[in-house]
Amino acid sequence: MMRLVKVEKFFPNKQMITVGIGDYKIASNPKILATYALGSCVAIILYDRFKSIGALIHAMLPEPKISRQDNPMKYVRTSIPIVLSELIKKGVSKHRLISALIGGANVLKYASSINIGDRNVKAAREVLREVGIPIVVEDVGGTVSRSVFFDLEEATVFVTSPRRKIFFG
Amino acid sequence: MRGKKNLVLLVSESASKGLCERISNSISELTGLPIKVSIKSRAKKAPEEIITSLSRNELIVAIHSLIEEQKTHVILLLSVSGARRISEILLLQANMELSDEEALDALREFGNIVFGTLTSELSRKVGGKVTYTLPEVVIDYDVAIIESLIAPLAMVKDVIEILEFSITSGSEEELGFDMLMIPGDNV
């Protein structure tokens, strides 16, 4: 299975592959897939527990405008099918895949009346349901950012968040 | 649109000079430090480009407010040490305790001074009322904060306009902070 562990700090003990905004990476055991400081963005992890192959997507927005022809990895709706297809090319069976969904926070109160974090989470749940991949780990919403470290060997998602009181306390 | 017109006025050379001087004077009076505010850049960029160029994956303190009439976000980005120093200066002046809660209050007040000066200057220039939301203080990674401001705009625009101020202290003390202005209705 896959599990979630919240830690104050994460100390990697194996090779780490970092994923930037609007990007994804696929890796196999033993490695760590990482992405930093998700605010309203979401990280979607797809994992084949038998092959120990996984992918991490860092998506910024729920879906593209109809007129827009840009990087499909920026969007939840277009990125998941692409990465799923890449995993299948590597011999992964869709039916073995499980997923994790992390992020979608609302870091700034006045940033938006249309809460992008919530919309990203909603879109990810919808798309994962459509492609038939169960979400087994979820850590979403709230008001602080999250950094995500997925250890493929341990099938563990480590999540860190900054402390809010750091001046004199 | 009124918002756009005001924004053009705000960023014109003469208007921005006066604005920077007023904000510099306010912060200098408040902190007792020689502060100089200037416009660092005005740019129109793709959303991801803005996030990448402004973020260094560092923990920062952000003081954020929304100028309501212009739907413009203004945000002060301070290093943690700079924010601590600003709050120390303000709290010691007020003879208050140095707790985290008091520090956050001090930073909100600091935001009030800066954004109050900004909106009063704007009110004077546009000849109408300009108000701002109560400053919100957030401690988080710069990338998460910038992304949270840019993502809603990226939903509707491919190019976003942003105005970056630099705030430097003429003293030996390094306070390390910047101010961004992101017009919400230029998108």
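A salt bridge here is a side-chain nitrogen of Lys or Arg within 4 Å of a carboxyl oxygen of Asp or Glu. This is a predicted model, in which local features need pLDDT of at least 70, side-chain atom pairs count only at pLDDT 80 or more, and totals for chains, interfaces and linings use all residues. Residues are numbered from 1 along each chain as its sequence is written, chains are lettered from A and ligands numbered from 1 in the order in which they are written, and side-chain values use heavy atoms, with hydrogens and water left out.

**Salt bridges within the chains**

Over all chains the rule gives 20 salt bridges. The table lists some of the pairs that lie within one chain.

| Pair | Closest N and O atoms |
|---|---|
| Glu126(A) and Arg77(A) | 3.1 Å |
| Arg146(A) and Asp139(A) | 3.1 Å |
| Glu164(B) and Lys40(B) | 3.5 Å |

Glu164(B) is buried, at 14% relative accessible area, whereas Lys40(B) is partly exposed at 49%. Buried means under 20% relative accessible area, exposed over 50%, and partly exposed in between (1.4 Å probe, protein chains only). Arg146(A) and Asp139(A) are both buried.

Glu126(A) and Arg77(A) belong to a network of salt bridges that also includes Glu63(A), Lys122(A) and Glu130(A). Glu126(A) is partly exposed, at 25% relative accessibility, and Arg77(A) is partly exposed at 24%.

**The interface of chain A and chain B**

The contact (heavy atoms within 4.5 Å) takes 32 residues from chain A and 44 residues from chain B. The two chains bury about 3200 Å² between them, with 65% of it on carbon and sulfur atoms. Buried area is the accessible area (1.4 Å probe) that two parts lose on being put together, summed over both.

One salt bridge crosses this interface. Its partners are Lys74(A) and Glu48(B), with N to O at 3.2 Å. On the side of chain A that touches chain B, strand S4 (32-38) and helix H2 (116-131) of chain A each supply at least two residues. The largest share, three residues, comes from S4(A). That side of chain A divides into 18 nonpolar, six polar and eight charged residues. Ala, Val, Leu, Ile, Met, Phe, Trp, Tyr, Cys and Pro count as nonpolar, Asp, Glu, Lys and Arg as charged, and the others, Gly among them, as polar.

Terms used. Helix = DSSP H or I, 4+ residues; strand = E, 2+ residues; numbered from the N terminus.
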